[in-house]
Amino acid sequence: MTDNQKTLGKSIAFALFPLVMSACGGEPDISFSQDVQPIIDQHCIKCHGSGGVGEVASGLNMTTYDNLMKGTRSGPMVIAGDVEGSNMLVLMEGRADPSISMPHGQNEPVPKKDIETIRLWIDQGARNN
């Protein structure tokens with residue numbers, strides 16, 4: 001096999017890898033600590049940290065996995081495996097009344113790629129990994 005054929009073969013394999021992975025249901029494993037918590041820290045902790053306005057108003061403290069999974073005084077925010085029923089996504093994706101969408105007020109919306117990461121994490125079972 002020539003060097004050109006080897007290079008072509010590697011290029012084709014590299015190009016097809018994402019397609020093969022998605023066909024096999026092979027989304028990347030999403031880690032709470034490495035992928036989700038940094039998103040929460042950037043977009044949510046300001047209000048939903050200890051003593052923050054959001055924690056006081058709803059009871060939702062997002063500083064740790066356990067606190068997030070406790071949810072609010074009104075119920076859970078994350079339902080493992082249920083992306084459509086998880087209130088965290090309902091609020092972040094704007095599927096609720098605009099007056100309660102998150103982040104609230106003048107805060108910048110969470111980028112779609114970050115919401116997709118949280119969506120995949122919930123779909124994969126919302127594990128503490």
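1. Which residue's side chain meets that of Asp-29 in a salt bridge? In this predicted model, the partner is Arg-127, with a separation of 3.0 Å from N to O. The pair links distant parts of the chain, since Asp-29 lies in the loop between helix H1 (3-23) and helix H2 (32-43), while Arg-127 sits in the segment after helix H7 (112-123), 98 residues apart. Asp-29 counts as exposed, at 56% relative accessibility, whereas Arg-127, at 36%, counts as partly exposed.

2. The structure holds six salt bridges, and another one of them joins Arg-119 to Glu-84 at 3.2 Å, again N to O. This pair, too, links distant parts of the chain, with Arg-119 in helix H7 and Glu-84 in the loop between helix H5 (65-70) and helix H6 (87-92), 35 residues apart. Glu-84 is partly exposed, at 46% relative accessibility, and both residues belong to a network of salt bridges that also takes in Glu-93 and Arg-95.

3. Asp-114 and Lys-113 form a salt bridge whose closest N and O atoms are 3.1 Å apart. Asp-114 is buried because its relative accessible area, 9%, falls under 20%, whereas Lys-113 counts as exposed, at 62% relative accessibility.

4. As to confidence, the protein chain has a mean pLDDT of 87, and 81% of its residues reach 70 or more. Over residues 15-23, however, the pLDDT is below 50, and this stretch has two contacts in the model beyond near neighbours in sequence. Where pLDDT is low, the predicted coordinates should not be read in detail.

Methods:
Residues numbered from 1 in each chain as written. Predicted model: local features only at pLDDT ≥ 70, side-chain atom pairs only at ≥ 80, totals over all residues. Heavy atoms only, no water. pLDDT = per-residue confidence, 0-100. Contact = heavy atoms within 4.5 Å. Salt bridge = Lys/Arg side-chain N within 4 Å of Asp/Glu carboxyl O. Helix = DSSP H or I, 4+ residues; strand = E, 2+ residues; numbered from the N terminus. Buried < 20%, exposed > 50% of the residue type's maximum accessible area, 1.4 Å probe, protein only.
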